[in-house]
Amino acid sequence: MVADMVRQVGGDRISVVGLMGPGVDPHLYKPAATDGLKLNRAEAIFYSGLMLEGRMADLFARMGRRGKKVYAVTEGIPRASLLEPEQFEGHWDPHVWGDPQLWVSCVDVVVAGLSAVDRAGAAEFQRRGAAYKKELAVLHEWAAKRIGEIPKAQRVLVTSHDAFNYFGKAYGLQVVGVQGVSTVSQAGLADIAKTADFIKQRGVKAIFVESSVSPAVIQRISKDAGVRIGGELYSDACGKPGEMETGGGESYDVGSYIGMIKHNINTIVEALK
Ligand SMILES: [Zn+2]
């Protein structure tokens, strides 16, 4: 999602290398042997922050201390807008891209970061950043309207891990993540039984697997609760760049942030409405 934002703002003036590809879990991602070289060569490094990249954070901080231009894009989000759910044990919830209105706030960090390494491009980054922010605002309006197609009582989102708190807050969905906030801890049998009971009680019509998390737990709950799996959502990674999908009467690239949100919204609405 961050690589896509940097591409959107930078356009042809820059070349972007993303370290984590489609289906990669950022909580568990460890730098690959070749990542050090890529990071050393970079003029600027952008990452999400809020401890999302748990095993990369030290490396980013170290590079920043050595004078590399390193930016956590979520620094642009007003702290008052951040969620601190109980189960996060004193940490912010890092999954802010679930709400395009918050993701908008990250664009300025990218504009400033790119402008710092390419002053001649500053006006263009500013212009492209403003255009991208507008696109994100349109995306949000569209998403809110589509969620309105789901009957109120069915606005419940059951997924593997707690990646959808901001998404749920933005669109009025009750969110239940079986596995907790990060994928580091595994869901226990008690979590599975509790979720299955909740699904039966509430008459939830469908539950969802995530592209960057093993589907085993959701498959088990689907069986136990007799509920269908409504599809796969992109939680902590976009899809393959260039992979086009048609949904809700339009085509979009699921390898982009906007396409990822469209895929998620369309999948959820079709399964729950
Ligand atoms: Zn996550």
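Analyst: A crossing is right-handed if the near helix is turned clockwise from the far one by less than a right angle, left-handed if anticlockwise. The crossing of H7 and H8 is right-handed. The model is predicted: local features need pLDDT of at least 70, side-chain atom pairs 80 or more, while totals for chains, interfaces and linings use all residues. Numbering starts from 1 along each chain as its sequence is written, and side-chain values use heavy atoms, without hydrogens or water.

User: What makes H7 oblique to H8?

Analyst: Helix H7 (residues 189-202) packs against helix H8 (residues 216-225) at about 50°, with axes 9 Å apart. That angle makes the pair oblique, since it is not under 35 (roughly parallel), over 145 (roughly antiparallel) or 65 to 115 degrees (roughly perpendicular).

User: Which residues make the contact?

Analyst: Contact means heavy atoms within 4.5 Å. H7 gives Leu189, Ile192, Thr195, Ala196, Ile199 and Lys200; H8 gives Val217, Arg220, Ile221, Asp224 and Ala225.

User: Which residues coordinate the zinc ion?

Analyst: His27, His95 and His161, each through NE2, and Asp236 through OD, at 1.9 to 2.1 Å. A donor is an N, O or S atom within 2.8 Å of the metal (3.2 Å for Na, K and Ca).

User: Why is the arrangement called tetrahedral?

Analyst: Four donors are tetrahedral if all angles lie between 85 and 135 degrees. Here the 4 donor atoms subtend 94 to 122°, so the arrangement is tetrahedral.

User: Why does His161 count as buried?

Analyst: Buried means under 20% relative accessible area, exposed over 50%, partly exposed in between (1.4 Å probe, protein chains only). His161 has 1%, so it is buried. Asp236 has 5%, so Asp236 is buried too.

Note on methods
Four donors count as tetrahedral if all angles lie between 85 and 135 degrees; four count as square planar and six as octahedral if opposite donors are over 155 degrees apart and all others between 65 and 115; anything else is irregular. Axes are lines fitted to C-alpha atoms, for helices over the stretch in contact, and angles run from 0 to 180 degrees between N-to-C directions. Helices (H or I, at least four residues) and strands (E, at least two) are DSSP runs, numbered from the N terminus.
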